[in-house]
Amino acid sequence: MRRATGGGAVLLLALIACRPPAPRFTLLFLGRSPAAWLGGLSWAPDPERGRLLAFDGELRVTRRITNPRLATPMAVTPLGGAQLLVTERTGEGVVVDTAGGGRVVREWESPDVASLYAAGGALVAASRSPYYVPQLSTPESDTAPLIRMLDTLGRPTGRGVGTIRRPATPLLDYVANAGAVAVAPDGAVYYAPLVRDEVRKYAPDGQVSWTAKRGLFRSESDPEFLPAKGRELQLRKALVNVALALGPPPGGRLYALGSDDSAATRLRLDVLDATTGAILATRHLGSREMAVAVDASGALAVFDADSLVAGADAAPAARELFTPPFALPDLAGDTVALVRFRGKVTLVNFWASWCDPCREEFPHMADLYREFDRKDFEIAGVSDDVDSGRMLAFVRQYRPPFPILVGGGRMKQVYHYRGLPYSVLLDRQGRVIERIFGFGGAEEFRRLHDTIANEVRVP
């Protein structure tokens with residue numbers, strides 16, 4: 001057989017050189033969360049894993065940021081040259097320095113029950129979050145602003161945009177006024193209520209510039225109560241808008257992620273002219289098309305969000321040491337230091353007697369503890385109770401087989417976690433494998449068991 005040489009190789013190189021360049025994408029939404037363009041990367045929250053992800057122009061994950069203060073990040077928005085303002089599910093604002101290793105610069109409490117934040121210039125807009133909506137809330141004043149304006153430190157400026165809508169049932173004020181928000185560089189504010197078919201633009205002076213409707217419903221009614229099922233409240237409401245994002249310049253387009261079926265189980269994307277409010281295009285998304293981007297020409301592209309996020313775990317990130325190392329008394333008063341657990345895979349679990357999910361979690365932790373040999377795996381349960389009597393009553397009730405350490409109500413200030421329970425899984429060198437926020441039930445512990453089993457195989 002004669003091998004092709006010379007000209008064949010040159011032809012192959014020519015074909016490779018003539019391939020069109022890969023398109024450059026800007027991510028608009030990942031799942032149901034808006035993304036942000038900062039520092040040449042698209043940043044998006046990954047709520048399930050409590051982290052932020054950065055995607056390059058080919059939508060490959062290039063950076064990951066984790067922090068105890070990022071429990072369930074739901075949205076991101078640029079705040080200055082290198083900072084991201086992150087919305088936590090429970091409404092806290094967390095400012096992260098992407099150029100400083102992902103350190104948290106500052107944070108603030110929500111001005112509402114839970115807020116969603118969007119930034120533009122030197123101002124931050126805070127709307128009632130569509131990601132955490134209490135069924136009941138205290139009725140608000142007729143003059144309460146629809147959107148509160150904050151400075152970049154999270155302090156109210158005293159200025160508001162719009163006024164709230166008063167539903168027929170005042171206790172449903174929060175449901176009727178929760179909504180997505182976006183802010184343009186010129187200070188214009190875009191708002192899309194969660195349960196009403198409209199998108200509005202407010203000029204920088206607070207006046208309504210336009211209102212756009214999709215024509216989803218022949219008539220719309222306010223949320224209202226249905227007959228209760230046991231103790232569970234039932235509401236009749238149509239979920240319409242989920243998230244807003246402004247596209248990259250010079251397109252001048254607003255992207256509204258919303259519901260196709262009044263329950264937000266099927267999503268649609270509407271593209272609006274940000275100047276006039278005209279709906280330019282509508283795309284109905286498939287069940288797996290949960291990542292939306294635009295290319296350099298402004299053309300829409302949709303992707304399987306799970307596949308994009310899976311790329312974040314293809315190459316494990318360098319593990320960081322768990323800090324600060326603790327030295328805490330156990331129930332007998334003896335000091336137990338973190339270094340005692342070096343050489344074992346260790347789950348450090350923060351809990352308190354008043355935490356109901358902690359009560360649900362303890363039996364699962366006891367089972368997990370018994371499934372591994374003590375030379376390979378350990379649990380350190382750190383109580384953050386102030387009341388030692390209640391802590392001891394909890395321990396007597398659940399009789400954990402693993403060591404209990406006494407944090408004395410100081411642990412949140414030291415480790416900056418968002419809520420309880422909070423766990424950190426460490427490798428044999430005391431480095432963080434993963435952080436676990438809240439209690440995810442039996443399925444979470446099955447996954448945790450598999451992670452530990454893989455880790456203990458590493459000498």
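Asn-177 is in contact (heavy atoms within 4.5 Å) with Arg-128, Leu-146, Ile-164, Arg-165 and Tyr-191, leaving aside its neighbours within four places in sequence. Asn-177 has its place in helix α2 (residues 173-177), and with a relative accessible area of 2% it is buried. Here buried means under 20% relative accessible area, exposed means over 50%, and partly exposed lies in between (1.4 Å probe, protein chains only). Helices (H or I, at least four residues) and strands (E, at least two) are DSSP runs, numbered from the N terminus.

This is a predicted model, in which local features need pLDDT of at least 70 and side-chain atom pairs count only at pLDDT 80 or more, while totals for chains, interfaces and linings use all residues. Residues are numbered from 1 along each chain as its sequence is written, and side-chain values use heavy atoms, with hydrogens and water left out.

**Aromatic rings**

- A search of the whole structure finds 18 aromatic pairs. Rings of Phe, Tyr and Trp (its six-membered ring) pair if their centres lie within 6.5 Å; planes under 30 degrees apart count as stacked, over 60 as edge-to-face and the rest as tilted.
- One of the pairs is Phe-362 with Tyr-398, edge-to-face, at 6.2 Å centre to centre and 65° between the planes. This pair links distant parts of the chain, 36 residues apart: Phe-362 belongs to helix α4 (residues 356-370) and Tyr-398 to helix α5 (residues 388-398).
- Phe-362 is buried at a relative accessible area of 2%, whereas Tyr-398 counts as partly exposed at 25% relative accessibility.
- Tyr-369 and Phe-402 have ring centres 5.8 Å apart and planes at 70°, so this pair is edge-to-face. Because Tyr-369 lies in helix α4 and Phe-402 in the loop between α5 and β31 (404-406), the pair ties together parts that are 33 residues apart in sequence.
- Tyr-369 counts as buried at 8% relative accessibility, and Phe-402 counts as buried at 3%.
- The charged end of Arg-374 sits over the ring of Tyr-369, 3.6 Å from its centre. The criterion is that NZ of Lys or CZ of Arg is within 6 Å of the ring centre and within 35 degrees of the ring normal.
- Ring pairs also link Phe-322, Phe-350, Tyr-415, Tyr-417, Tyr-422 and Phe-437 into a cluster.

**Helix α5**

- Met-391, Phe-394 and Val-395 of α5 are buried. They are on the same side of α5, because they cover an arc of only 95° around the axis; the arc is that of the directions from the helix axis to the C-beta atoms.
- Arg-390, Arg-396 and Gln-397 are exposed on the other side of α5.
- The packing partners of the buried residues of α5 are β29 (345-351), α4, β30 (377-383) and β31.

**Strands and hairpins**

- Strands β2, β1, β25 and β26 form an open sheet of four strands in the order β2-β1-β25-β26, with antiparallel pairing. The edge strands are β2 (33-34) and β26 (300-304), each with a single partner strand, so one side of each is left without a neighbour in the sheet.
- Two strands pair if DSSP finds at least two bridges between them. Strand β1 (residues 25-30) is joined to β2 by two bridges, and the two run antiparallel; Phe-29 has Pro-34 in β2 as its bridge partner.
- Strands β5 (residues 51-55) and β6 (residues 61-66) pair in the antiparallel sense over five bridges, and Leu-53 has Arg-64 in β6 as its bridge partner. Their hairpin has five residues between the strands, and in it Leu-59 takes a positive phi near 60°.
- Strands β32 (residues 422-426) and β33 (residues 432-437) run antiparallel and are joined by five bridges, with Leu-426 opposite Val-432 in β33. In this hairpin, which has five residues between the strands, Gly-430 takes a positive phi near 80°.

**An exposed loop residue**

- Ser-287 is found in the loop between β24 (279-284) and β25 (289-295), and it is exposed, with a relative accessible area of 73%.
- From C-alpha to C-alpha, Ser-287 and Lys-344 are 42 Å apart in space, and they are 57 residues apart in sequence.
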